[in-house]
Amino acid sequence: WAGRGATASADGRGRHLFMNEERKATITDVARRAGVSTATAGRVLGGYGYSSTDMKTRVQDAATALGYSPNLLARSLITGLTRTIGFVAGDIQSPFYAKILRGISDAADEAGFALLITNSDETIEREVDAIRLLREKQVDGMIVSPCDTQRSPHLRDAAAATPLVLIDRQVRGLDVDSIGVDNVEAVQTGIARLIERGHRRIGMVAELQSTRPDELATFVSGICADPATDVSTLYPSWQRLAGFVRAHTAAGVPVDLSLIAQVGDYSMEEAERQARAMLARSDRPSALFTADGLMTEGTMHAITACGLRIPDDLSLVGFDELDWMAFVSPGIDAIAQPRRLMGQRATQMLIERMDQADLAPRKLTLAARQILRGSVRTVTPTG
């Protein structure tokens, strides 16, 4: 009789084990039931070392029968690994990061890793705190979309101790694995198509944070003078501006600085305000390019508020594919990043780095797609 609050079960040699229902099965219980040593049970359940097929089956069957759950903390103390990956997103609410996160989660789950998610809100202070937290949790590796692409001493320190993959952005002089798209080429292709359709006054709405009042003019003149300028460690919005300028330069069309809305903050409301001001001009642009999803949403509010019709009154191309773009009429042309694939490949690169620490740093550039839905019309060039 097992008694109240206890259960009786037989081990592999016919002996009965009496365990209180409140007590969790231990690896010793599994070993006893399987008729093997604790060390053998540990190897099988920990996935390390050699064990015969028969022993693996006996141990796994015993663990299932007893409802055994491994003590991950104890395992990490033995192996030095926690089987966890940390992700620092710039803005977890953004559709851009949501799709990346899905890719990371899918690849991590397939490889048997848990995922810890943190959010920097695009502030360096919160990113530093997030990196500190992940290091304290002893994650086996990190995927980070960095706020600071020029210095980031906290990432340099982390990379010296933990495998690290940068996603969407790179950090100057930090030689670690990274993944993203060629923002310059993708935007240059999209703007060149607008120019081919007759547009000469093309506006741009972009975050473009800066610390100097003349930075925009200096940057544009620099790209005009030397289109091959390396912008790989600048923020994506500045890389996209470089593609915008290169397309104009290649076509012999001058860039009108007054048609570049430098939002200066990652804010849909500010993007709407700036776009409304541009569209209220008597010489408004015939086409607009928006540099990311949030800028597109703010610009769409402005277009509606101004009573303009797409594409009859204004052509529009947005960087990043948003779900609603396919359901409005007409649909919105987009330059789409393979965001889910970016997350998957970043995770695979990180796991490969864990296994092969001596690999040379890799930079993976994925192709963006030009999605055409009818939001661009052909116009007769003027001027």
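Is D256 buried or partly exposed, and at what relative accessibility? In this predicted model, D256 has a relative accessibility of 31% and therefore counts as partly exposed. The side chain of D256 meets that of R201 in a salt bridge, with an N to O distance of 3.3 Å. The pair ties together parts that are 55 residues apart in sequence, because R201 lies in the loop between α8 (183-196) and β8 (202-206), whereas D256 lies in the loop between α10 (236-251) and β9 (260-262). R201, with a relative accessible area of 28%, is likewise partly exposed.

A salt bridge is also formed by the side chains of R151 and D148, for which the N to O distance is 3.5 Å. The two partners fall into separate accessibility classes: R151 is exposed, its relative accessible area being 55%, while D148, at 11% relative accessibility, counts as buried, the cut-off for this class being under 20%.

Within helix α11 (residues 268-279), R276 and E272 are four residues apart, so that about one helical turn separates them. The side chains of these residues, R276 and E272, meet in a salt bridge with an N to O distance of 3.7 Å, and R276 counts as partly exposed, with a relative accessibility of 39%.

Beyond these pairs, salt bridges link D177, E352, R353 and R362 in a network. For the model as a whole, the count comes to 23 salt bridges, where a side-chain nitrogen of Lys or Arg is required to lie within 4 Å of a carboxyl oxygen of Asp or Glu.

Conventions. Residues numbered from 1 in each chain as written. Predicted model: local features only at pLDDT ≥ 70, side-chain atom pairs only at ≥ 80, totals over all residues. Heavy atoms only, no water. Buried < 20%, exposed > 50% of the residue type's maximum accessible area, 1.4 Å probe, protein only. Helix = DSSP H or I, 4+ residues; strand = E, 2+ residues; numbered from the N terminus.
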